[in-house]
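Visitor: I would like to learn how to read an interface. Could you walk me through this one?

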Amino acid sequence: MTLPPFQLLVDAHWRDVARLAHALVGPDDGDDVAQQAWLQAWAAYPSLTSATNLRGWLFTVTYRCATDAHRGRGRRPVPVEDPSLAAAERPAVDPPATASDESGVWQIVATLPPRQREAVALRYVADLDHAAIAAALGTSTAMSRRLVSDALGSLRKALS
Amino acid sequence: MTPSHSGPSDRLEASLAGFDVPAARPPDFPTADVSYAVDDTPIGRMLLACDGSGVLVASLFTPDAAAEEAALQRLAARISPRVLRRPQSLDEARRWLESYLDGGRPGAAPAWALSLATPFQIPVLTTLAARVGYGDRATYGQLASWAGRPQAARAVGTALGGNPLCVVLPCHRVVGASGSLTGYAGGLAAKRYLLELESTSL
């Protein structure tokens, strides 16, 4: 198995990694999370045993760095099966100073329960399918679909 | 994948997918196992690469994107996949090459290593570097002989064609028995340019 030169990975995916980082943690920490993700990927790269889905791997690393960032700030992601139980935990609204979000929808996403925010980011920014989202979140495909559809429901309501 | 249907849900999903971070910048890495730079030169577009110690391991002609990618894959496969574009690591080599191609009699070449060379290429290219100096020429037969492969002039030619350190290791100074230019990795125009440069500079 030959790994592609790392620069090609950077060239192909740095914008999407930045978008995912900002979607997950907001503009204050987005750049830091993206940079951390790349440094972790760099360190782990030579040990990879498969080169088949490097984009997905980068998104997984980014997601983990985002989770670590939240944890570092004292906000623990709540590993619940029923996302409505996490509804009481509302992160502060992040003003999208550096993001381009014309409809303001991502401002509302930032107020959703963390698992819904994560599922939405992985679905619409990382463009992952539900199996990949489920793997990243450590849950089932069915739960991934539910998280996304519940999030869309809340968003539609908030925007109407 | 999401079934397509018209309506507000589509617009919402499109808004979500349209999220962008225009001020984002590529990541910054403190070091690299292999650093490279690509420059346009009077003899064509060239890629220079060095290893983690700053030793030059490649000086290749990369006329297009495909050639550049092939060069990077070669570096990833032979040395390390942790290859990054870092022109600042190649400053000394780039200055040396630029000065050389401008017609200045070059000082000592930057430190180099034959990490990308095959076992057959190593004695051929090492002999070339040691015995064929600025302004000199040699034939494939002569070089084969000096490298201890007197019957292998053609194989020597092929080995030179794959020289990973063009210009630095002067395969351009090797010509056919009648003095004809025969081949060159960078093309005959480049070979002619280099030979004329060296003869007028003496």
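Guide: Gladly. Contact here means heavy atoms within 4.5 Å. Keep in mind that this is a predicted model. By that cut-off, 37 residues of chain A are in contact with 34 residues of chain B.

Visitor: What area is buried between chain A and chain B?

Guide: The size of an interface is often given as the accessible area lost when the parts come together. Here chain A and chain B bury about 3100 Å², with carbon and sulfur atoms giving 69% of that area.

Visitor: Which side chains meet in a salt bridge?

Guide: Arg85(B) and Asp11(A) do, at 2.9 Å from N to O. The count between the two chains is one salt bridge, alongside ten residue pairs in polar contact, both at pLDDT 80 or more. On the side of chain A that touches chain B, α1(A) gives the most, with ten residues. That side divides into 25 nonpolar, six polar and six charged residues.

Visitor: Which domains does the assignment give for chain A?

Guide: It gives domain 1 (1-77) and domain 2 (102-160), whose C-alpha centres lie 19 Å apart. Each domain of chain A brings 13 residues to their contact. The area buried between them is about 1000 Å², and carbon and sulfur atoms give 65% of it. Ala23(A), Leu24(A) and Tyr63(A) supply 46% of what domain 1 buries against domain 2, more than any other three residues.

Terms used:
Residues are numbered from 1 along each chain as its sequence is written. Chains are lettered from A and ligands numbered from 1 in the order in which they are written. This is a predicted model: local features need pLDDT of at least 70, side-chain atom pairs count only at pLDDT 80 or more; totals for chains, interfaces and linings use all residues. Side-chain values use heavy atoms; hydrogens and water are left out. Buried area is the accessible area (1.4 Å probe) that two parts lose on being put together, summed over both. A salt bridge is a side-chain nitrogen of Lys or Arg within 4 Å of a carboxyl oxygen of Asp or Glu. A polar contact is a pair of N or O atoms within 3.5 Å; within protein, one must be able to donate a hydrogen and the other to accept it, and residues adjacent in sequence count only if both atoms are side-chain atoms. Helices (H or I, at least four residues) and strands (E, at least two) are DSSP runs, numbered from the N terminus. Ala, Val, Leu, Ile, Met, Phe, Trp, Tyr, Cys and Pro count as nonpolar, Asp, Glu, Lys and Arg as charged, and the others, Gly among them, as polar. Domain bounds come from an automatic or database domain assignment.
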